[in-house]
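I opened the model today to look up its strands and its core. My notes follow.

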Amino acid sequence: MEYIIIFIVLVIILLAILKATKKDAGLDFNKLVEYLGGKENIIETSINLSRFRATLKDISKANKEGIQKLGAKGIVEIDNQLKIILGPDSRQLKKYIDDLK
C-alpha cells in the first residue's frame with residue numbers, strides 16, 4: 001500500500017514538472033513581434049514547414065540577435081524579408097500575427 005501511494009505522488013510530481021517545462025518551452029510571440037520591429041513593420045507573413053517568412057517595411061528595425069536568442073535555429077535576410085527557422089512554432093506565430101492585424 002505504501003508503494004502505491006509513493007508511486008502516485010511521484011507521478012503527480014512528474015506531471016507537474018512536465019507541464020511547467022512545456023509552458024516555458026514555447027516561443028514568446030509578443031517578444032518576437034517586437035524583435036521584428038512591431039506589428040506596424042510587418043507587411044506580410046507566410047510559412048513553409050518549419051520556416052517563417054516575414055516581409056518587413058524596414059528591415060533595419062529587426063533585431064536578428066534577439067530573434068536568435070528566443071530560439072530561432074537560423075535566420076536568412078533577403079532584401080526586405082527575414083526567413084526564420086522556428087520549427088513547429090512557425091504556424092502558431094503566423095496565426096498570432098494575423099490575429100494582431
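I began at the hairpin of strand 3 and strand 4, where 2 residues sit between the strands and D79 takes a positive phi near 50°. Strands here are DSSP runs of E, at least two residues, and helices are runs of H or I, at least four residues, numbered from the N terminus. This is a predicted model, in which local features need pLDDT of at least 70 and side-chain atom pairs count only at pLDDT 80 or more, while totals for chains, interfaces and linings use all residues. Residues are numbered from 1 along each chain as its sequence is written, and side-chain values use heavy atoms, with hydrogens and water left out.

Next I checked the pairing. Two strands pair if DSSP finds at least two bridges between them. Strand 3 and strand 4 (residues 81-85) are antiparallel, with 5 bridges. I found E77 bridged to L82 in strand 4. V76 has K83 as its bridge partner.

What is the strand order of the open sheet? I read 1-2-4-3 for its 4 strands, with antiparallel pairing. Strand 1 (42-48) and strand 3 (74-78) are the edges, each pairing on one side only. Neighbouring strands are turned by 15° against each other on average, direction ignored. Axes are lines fitted to C-alpha atoms, for helices over the stretch in contact, and angles run from 0 to 180 degrees between N-to-C directions.

Which residues of strand 4 are on its covered face? I noted L82 and I84 there, with Q81, K83 and I85 on the uncovered face. In a regular strand the side chains alternate between the two faces of the sheet.

I also looked at helix 4 (residues 89-100). Helix 4 lies across strand 1 and strand 2 (51-56), at about 155° to strand 1.

Last came the core. A nonpolar core is a set of buried (under 20% relative accessible area, 1.4 Å probe, protein chains only) Ala, Val, Leu, Ile, Met, Phe, Trp, Tyr and Cys residues joined through side-chain atoms within 4.5 Å. The largest one has 17 residues, and L36, F52, I67 and I84 have the most contacts inside it. Helix 2 (29-35), strand 2, strand 4 and helix 4 each give two or more residues. Helix 2 gives the largest share, 4 residues.

Definitions and conventions: Contact = heavy atoms within 4.5 Å. Buried < 20%, exposed > 50% of the residue type's maximum accessible area, 1.4 Å probe, protein only.
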